[in-house]
Amino acid sequence: MAKINASYRKLAAGYLFPEIAKRTRAFSEANPDADILRLGIGDTTESLTPTIVDGLSQAVQSLGTPEGYSGYGDSEGIGALREGIAEMYAGTSIHADDIFVSDGAKSDSSNIQSIFSSDNVIAVQDPAYPVYVDSNVISGRTGNATEGVYDGLVYMPCTAENGFFPELPSQKVDIIYICSPNNPTGAVATHAQLQRFVDYAIENKAIIIFDSAYAVFIQDDSLPKTIYEIEGAEKCAIEISSFSKSVGFTGVRLGWTVVPDAVTCEDSEPGEIKKLWTRRQNTFFNGASNIVQAGGVAALNPAGKEEMKQLVSFYMENARIIREGLTKLGITAYGGDNAPYVWLKTPEGIGSWEFFDKLLEECHVVGTPGAGFGPAGEGYFRLSAFGHRANVEEAVKRISEQLKLG
Ligand code: PGU
């Protein structure tokens, strides 16, 4: 008799973004004339830049020739791409051998837990990208949820009071997820804040899973763009990142994970965790598309990098427009200065799903309720800066003119 993985039953709700899409669809069906503006899911909207289009097209053309054809590649990725990514870590101890190319940060951030023991205690920032929690729930590392709070999971609240970066956990934890720049709050951890966590991890033989998917959006050069800028991080941290937001690859799909040789935990030798991840990827993954990897190589050449910079500036201008518009209305807003998300305090203390409905009904604007990212997200709301400029401006205009406050 086959049995299901009963841990799936513990998942407190549907995955956040399909849930939002479902509610938006229902509203749209009931209000077919409503012109809905989507600032919900962090999905890029601007077209691919010319250098990347060239890189992708050349790879396609090449595959159409006997000399240029290639089949399965190394699951770790093609050498030129691993080298190009490693250059982004110049000044740290990371080299190309530590880079594992993937089809995106979502798969890696959900799969990485599988190389660690099922009795590890997991700590997450609260609020957090829901994949960290859900993947550990599915893997049986938590008990049941009561009102969205899982037994056995350590929540590290990120609130306005602590600048949206948590204190060290008060109990001993084994695996710590940190996302900086943060989704959803837009906060970026400082060197000192990360150093505290790296020191904790080394002392407690814990592992930090560091998600830097939004690193290129950091405008303030004094802030760390990778955890490997922090002393000792190569001994305790695995970093996961993505081409999705930096060059508009949300649909194209490309990301990477960094596993240094030195990273170890309580019962592993140096090099062993890297070997496990290699083994995991060799077994479960046949590598990212060769065409897409060629696009990634192009994105990292000098012209590609320049275009990336312009794209990032474009979205950051959207973020500025959103945050300023909200602030003018007297709404308290955070983020948006070093990250493409604006995190606002819902006016008059209304619930975040209630605010979702209000914004949709009164302004026809979709955002993401803070509660969808964890209990401490209640009372907050996320707006994404990844829209077309005209839509972002129109959304801000509608919020200013149509949202009924007071
Ligand atoms: N890591 C973080 C912190 C993210 O916010 C996202 C996407 C990813 C990883 C995924 O990166 P990929 O390389 O594209 O796999 N977050 C978006 C999209 C939602 C989702 O389900 O991935 C968001 O709106 O939060």
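Let's start at lysine 106, where a backbone N or O atom lies 2.8 Å from an oxygen atom of the ligand. Keep in mind, everyone, that this is a predicted model. At glycine 42, a polar backbone atom is 2.6 Å from a ligand oxygen.

How much of the ligand does the protein bury? Taken alone, the ligand exposes 550 Å², and the protein buries 94% of that.

Now, who is standing around it? There are 20 residues around the ligand, and those that come nearest are Tyr15, Gly42, Tyr129, Tyr214 and Ser244. By type, the shell has 10 nonpolar, five polar and five charged residues. Helices α4 (105-111) and α7 (244-247) each supply at least two of the shell residues. Domain 1 (7-48 + 304-402) and domain 2 (52-301) each contribute at least three.

The largest pocket has a volume of about 600 Å³. Its lining has 26 residues, with Met88, Ala215, Val216, Lys225 and Met308 the closest to the centre. In the lining we find 12 nonpolar, eight polar and six charged residues.

And where does this largest pocket sit? Both domain 1 and domain 2 give residues to its lining, so the largest pocket lies between them.

Technical notes:
Residues numbered from 1 in each chain as written. Predicted model: local features only at pLDDT ≥ 70, side-chain atom pairs only at ≥ 80, totals over all residues. Heavy atoms only, no water. 1 Å grid on protein atoms, 1.4 Å probe; cavity = no way out; pocket = protein on both sides within 12 Å on 5 of 7 lines; lining within 4 Å. Points joined across faces, edges and corners; volume = space filled by probe spheres on them. Nonpolar A, V, L, I, M, F, W, Y, C, P; charged D, E, K, R; others polar. Domains from an automatic or database assignment. Near = heavy atom within 4 Å. Polar contact = N/O pair within 3.5 Å; in protein donor to acceptor, adjacent residues only side chain to side chain. Areas by Shrake-Rupley, 256 points an atom, 1.4 Å probe, with all protein chains shown as cover. Helix = DSSP H or I, 4+ residues; strand = E, 2+ residues; numbered from the N terminus.
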